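Please open the model in your viewer and keep the sequence panel beside it. The stops below say what to select next and what is there.

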Amino acid sequence: MSNATVPGVKVHSHVAPKAQAELFTEGALKFLAALHRTFETTRQSLLTAREDAQRRYDSGVVLDFPPETKAVREEPSWQCAPPAPGLEDRRVEITGPTDRKMVINALNSGAKTFMADFEDSSSPTFANMVNGQVNLRDAIRREIDFETGGKKYKLSENPAVLIVRPRGWHLDEPRITIDNLPVSGSIFDFAIFFYHNAKELVQRGRGPYFYLPKMEHYLEARLWNDIFVFSQSYIGLPQGTIRGTVLIETLPAAFQMEEILFELRNHSSGLNCGRWDYIFSFIKKRRADRSAVLPDRKDVTMTVPFMDAYVRLLIKTCHKRKVAAMGGMSAQIPIKDDPKANEVAMAKVRADKLREVTAGHDGTWIAHPLINTIAREIFDQHMLGPNQYYNLRSEVQVAAADLLSTKVPGQITLEGIKENVATCLAYTAAWVGGNGCIPFNYLMEDAATAEITRIQLWQWVKYGLRVDDTGDVITAEYIDDHIEKIVPTIKDIVKGVHEGDVKIAKEYLKSQIRRTWPSEFLTSDLMGHLAVKDGVAARFQKSVL
C-alpha cells in the first residue's frame, strides 16, 4: 500500500509505480476526493434505483416513455450546445483500448476521432488503467513516440480528435479507496484524465471530450452534468467546455433519449447507437418475459424491428436537438490470408455503413484502421457536409411497442450455441488475464459481445428452449457438455491465456446459466479477480469470487 498524500485517500496497489507517481499528485487526488465526497451518494442511490426498476419489470410493468417528462419531449424550442472544436465532422470514429501502440495507430488512422476506451475494450487491471492515462497524456502533448522491435511509432501531424470513454456507473475502482470506500470507476477515469489534460487540450484548440456509457435513466445523465459543472468550476474552465456523447445502449435509455440530451444540453455532443450492449440490455431487462427470447446472435441484426425502431428514434431525436446521431460499431477486421472471405466481410461493412448514412447518421464506428477507407468512402459519397443535422426524419413515428417488438426472424442453432460458448469463454478468460478485446472469427470481440453470449445462454436454459436443427432441449447440463468440449480450444483462440483464467471462465459460465436471474455485468462479477492480482485486500472489495 502506497502512502497517499491526501487525508482519507488510499492507494492499495503499486503495480505501475512510475505511472502512479506521475498521475497521483496531491492536486489530482484532492480533486478525485472532492468528486467522490460530493457525488458518490448520488451514484449509489441511482444504482439502487436500477434495482428497483428491474423489480418492476420483473413484476410485469411494461417499459414506456416517462409521463413526468412529457413536457421536455414536447417542447420544441430547446437545443443542445453547438459542436465543440474538432467535433463538427465525426463521419468515422475509431475505437480501442489505451495501450501505447493502439493510441498511436488509432490517432494516425485517418479517422476523424479516436474513442480511447477505459471501458468495454479494456480489461481494468490497475496497470492498464493508469498506463492508459499516461499514454493519453503523452499523446495530447505529442510526447508519445516510441520504438519497439526495430519499428518506430510516431504521431502524425494531424491526428484524430481524442474522445475518452470512462467506465460505467456500475463499476467500482477497488484499488483506490476514499474514506474506506472504493471510488467509482467512472469518476476515477474521468477525474485523472480531466485534471491532467483539460487545460492542455483547450490550449491546443480542442477540449475534454467524453463518451458516457451504460446509462439507464436521465437522472444518471444529470449526475454526469453536475460532475461536469463542478469540475469546470474546480479548475477554472468556462462552463460548456466539456462535451459528452451518450451511448444509448440500454433498453430504458431508449425511452429517455430526449431527457438525457436535455440534462446534458450545455455539454452534449449527441447520442450513439451502442448496438451490442443494447441487445444485451433488451434481454436482461426483460428477463422475466418469455416472449422476449431472441434467436442466434447473428440473426439479431440492425434491420430487425426493435433495432430499426431504436435507430430511427435516435436519429430523429438528435437532429431535432441539433446534435450528432452516431452510428454503431462494425466489428469486422481484415482477413489477410483469405481474399475471398475478406471481400465478403468488407461487403458487410459497406452495407452496414451505407444503411447508417442513408438513415441519417452523422458518423460511424470502426474497430480497425484498415476499415477506415471503406467507411470514409461511403460517408463521403452520401454525406457531403460535415453532418446531417438538417435531416430531421420528421416522418418517423416510434411507439413504445416498436422498441419492445420481439419479431426477430431466426433460429436457435447448434452452431449458435457453440459460438456463444466459445466467445464467452474466450473473452472472459482473456479479460481476467488483462486483455479487454480479442479477435475471434475475424470479429473484434469486447465485453458487450461477451455479455450477449452469456445472457443468451442463460435465457435459453431458463426457458427450456430447443435447438431448432437438432431438437435437443437446452439445459444447464447440455451447455456444460459444450463448455467441456470447447475449453481445450480456448488457448488456440486466445494466445498466451493462462489455464487458471480459463478455469475461472468455465466456472463462471457454468454458474451463470444456473442462476434464477443473470448477473448485471460480468465485469462487476469478475473485478475481484483483477483486484486480488493487483494486491487489494478483500475488505476493500464488494465481492471476491
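A residue is called buried when its relative accessible area is under 20%, exposed when it is over 50%, and partly exposed in between, using a 1.4 Å probe and protein chains only. This is a predicted model, in which local features need pLDDT of at least 70 and side-chain atom pairs count only at pLDDT 80 or more, while totals for chains, interfaces and linings use all residues. Residues are numbered from 1 along each chain as its sequence is written, and side-chain values use heavy atoms, with hydrogens and water left out.

Begin by selecting glutamine 388, which is buried because its relative accessible area is 5%. Helices (H or I, at least four residues) and strands (E, at least two) are DSSP runs numbered from the N terminus, and glutamine 388 sits in the loop between helix 13 (372–382) and helix 14 (400–403). Contact means heavy atoms within 4.5 Å; setting aside residues up to four places away in sequence, glutamine 388 touches His319, Val357, Gly360, His361, Asp362 and Met383.

The expected span of a helix is 1.5 Å times one less than its number of residues, and helix 11, with 16 residues, reaches 22 Å from its first C-alpha to its last, close to the 22 Å expected. Its buried residues include Phe306, Tyr310, Leu314 and His319. Just after helix 11, lysine 322 takes a positive phi of about 65°.

Next, select helix 7 (residues 218–235), whose 18 residues should span 26 Å and whose end C-alpha atoms are 26 Å apart, which agrees. Among the buried residues of helix 7 are Tyr218, Trp224, Phe228 and Ile235, and the buried residues of this helix pack against helix 2, helix 6, strand 9 (209–212), strand 10 (243–248) and helix 9 (257–263). Just after helix 7, glycine 236 has a positive phi of about 85°.

Now show helix 5 (residues 126–140) together with helix 6 (residues 185–203). With axes taken as lines fitted to C-alpha atoms, for helices over the stretch in contact, and angles running from 0 to 180 degrees between N-to-C directions, these two helices pack at an angle of about 10° with their axes 10 Å apart. Angles under 35 degrees count as roughly parallel, over 145 as roughly antiparallel, 65 to 115 as roughly perpendicular and the rest as oblique, so helix 5 and helix 6 are roughly parallel to each other. The contact includes Phe126, Met129 and Ile140 of helix 5, and Phe188, Ile192 and Leu201 of helix 6.

Which residues touch the most other members of the largest nonpolar core? A nonpolar core is a set of buried Ala, Val, Leu, Ile, Met, Phe, Trp, Tyr and Cys residues joined through side-chain atoms within 4.5 Å, and in the largest one, of 123 residues, the answer is Phe24, Phe114, Phe190 and Ile248. Helix 2 (residues 26–58) gives the most to this core, with 11 residues. A second, separate core of 43 residues includes Tyr463, Val487, Leu509 and Ile513.

For the last stop, select cysteine 424, which is buried, with a relative accessible area of 2%. Where a disulfide is a pair of cysteine sulfur atoms within 2.5 Å, the count comes to zero. The cysteine sulfur nearest to that of cysteine 424 belongs to cysteine 437, 17 Å away, too far for a bond.
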